[in-house]
Amino acid sequence: DIQEGDVLVSNHPQLAGGSHLPDITVITPVFHGGRIVFFVAARGHHADVGGIAPGSMPPLSKSLAEEGAAIVAFKLVVGGVFQESGISQLLTEGGTRCLGDNLSDLKAQVAANNRGLQLMQQLVEEYSLEVICAYMKHIQDCAELSVRDMLRS
């Protein structure tokens, strides 16, 4: 159940669309009229999220657990309150060597998303939800055509 003021975090490459564990994605819903209409996200590369070697990309790892903290989904912010103890526990269990840096980076990602949220709300206010959705659809359609054309050639 996602409410206004909530922010999610994820980095799992197999179950949540992450690229690799050090790339942590912070996702914020954009609400309009009490429902989610968009998401803004910030993916940041963290220097270390644990695992068997510094940097969290060990070439000799045999399982994902050996690469560090794997987060499928966690509410990083609940009702506007940063869940520092919960995310600290997840990162510490994964063996992070740089918890302070991780927390600072995650807070910066949340701040970037908050700015994106404000800008999306301004766009909707200025142009209407219908117009913004139409432009979003146009962008997605163009991207689809570009990929299809690339795959054909």
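Student: How many of the ten residues of β2 are buried?
Tutor: The model is a predicted one. A residue counts as buried under 20% relative accessible area. By that criterion β2 is mostly covered, and its buried residues number eight.

Student: In what order do the strands of the open sheet lie?
Tutor: The sheet is open and has five strands, with antiparallel pairing. Its edge strands are β3 and β5 (81-82), each of which pairs on one side only. The order is β3-β2-β1-β4-β5.

Student: How many bridges join β2 to β3?
Tutor: β2 and β3 form a hairpin with two residues between them, and G33 in the turn has a positive phi of about 60°. In this pair H32 stands opposite R35 in β3. The two strands run antiparallel, and the number of bridges joining them is ten.

Student: Which residue in β2 stands opposite V9?
Tutor: β1 and β2 run antiparallel and are joined by three bridges. The residue of β2 opposite V9 is V26.

Student: Over how many bridges do β4 and β5 pair?
Tutor: V78 stands opposite V81 in β5. The pairing of β4 with β5 is antiparallel, and the number of bridges is two.

Student: What angle does the direction of α2 make with that of β2?
Tutor: α2 packs on the sheet and touches β1, β2 (23-32), β3, β4 and β5. Its direction relative to that of β2 makes an angle of about 30°.

Student: At what angle to β3 does α3 run?
Tutor: α3 lies across β2 and β3. Its angle to β3 is about 50°.

Student: At what angle do the axes of α2 and α3 cross, and which classes of residue make the contact?
Tutor: Two packed helices are described by the angle between their axes and the distance between the axes. Here the axes of α2 and α3 come within 6 Å and cross at roughly 115°. The contact is made by M120, L123, V124 and Y127 of α2, together with L129, V131, I132 and M136 of α3. By class, this contact has no polar and no charged residues, and eight that are nonpolar.

Student: Which element gives the most to the largest nonpolar core?
Tutor: This core has 16 residues, of which V9, V26, L76, I87, L91, L106 and V110 touch the most other members. β1, β2, β4, α1 and α2 each supply at least two residues of the core. With three residues, the element that gives the most is α2.

Student: With which residues is L91 in contact, leaving aside its neighbours within four places in sequence?
Tutor: L91 is among the residues that touch the most other members of the largest nonpolar core. With those sequence neighbours left aside, its contacts are V49, A69, I71, T96, L99, N102 and L106.

Student: How many residues are in the second, separate core?
Tutor: Its members include V30, F38, V40 and L117. The number of residues in this second core is nine.

Student: How many residues apart in sequence are the parts tied together by D6 and K75?
Tutor: The structure holds six salt bridges, and one of them joins the side chains of D6 and K75 at 3.1 Å, N to O. D6 lies in the segment before β1 (7-10) and K75 in strand β4 (residues 74-78), so the pair ties together parts whose separation in sequence is 69 residues.

Student: Which helix holds both E144 and R148?
Tutor: The side chains of E144 and R148 meet in a salt bridge of 2.8 Å, N to O. They are four residues apart, about one turn of the helix, and both lie in α3 (residues 129-152).

Student: How far apart in space are G55 and G68, C-alpha to C-alpha?
Tutor: G55 has its place in the loop between β3 and β4. Leaving aside neighbours within four places in sequence, G55 is in contact with P22, A47 and D48. G55 and G68 are 13 residues apart in sequence, and their C-alpha to C-alpha distance is 9.3 Å.

Terms used: Residues are numbered from 1 along each chain as its sequence is written. This is a predicted model: local features need pLDDT of at least 70, side-chain atom pairs count only at pLDDT 80 or more; totals for chains, interfaces and linings use all residues. Side-chain values use heavy atoms; hydrogens and water are left out. A salt bridge is a side-chain nitrogen of Lys or Arg within 4 Å of a carboxyl oxygen of Asp or Glu. Two strands pair if DSSP finds at least two bridges between them. Contact means heavy atoms within 4.5 Å. Axes are lines fitted to C-alpha atoms, for helices over the stretch in contact, and angles run from 0 to 180 degrees between N-to-C directions. A nonpolar core is a set of buried Ala, Val, Leu, Ile, Met, Phe, Trp, Tyr and Cys residues joined through side-chain atoms within 4.5 Å. Buried means under 20% relative accessible area, exposed over 50%, partly exposed in between (1.4 Å probe, protein chains only). Ala, Val, Leu, Ile, Met, Phe, Trp, Tyr, Cys and Pro count as nonpolar, Asp, Glu, Lys and Arg as charged, and the others, Gly among them, as polar.
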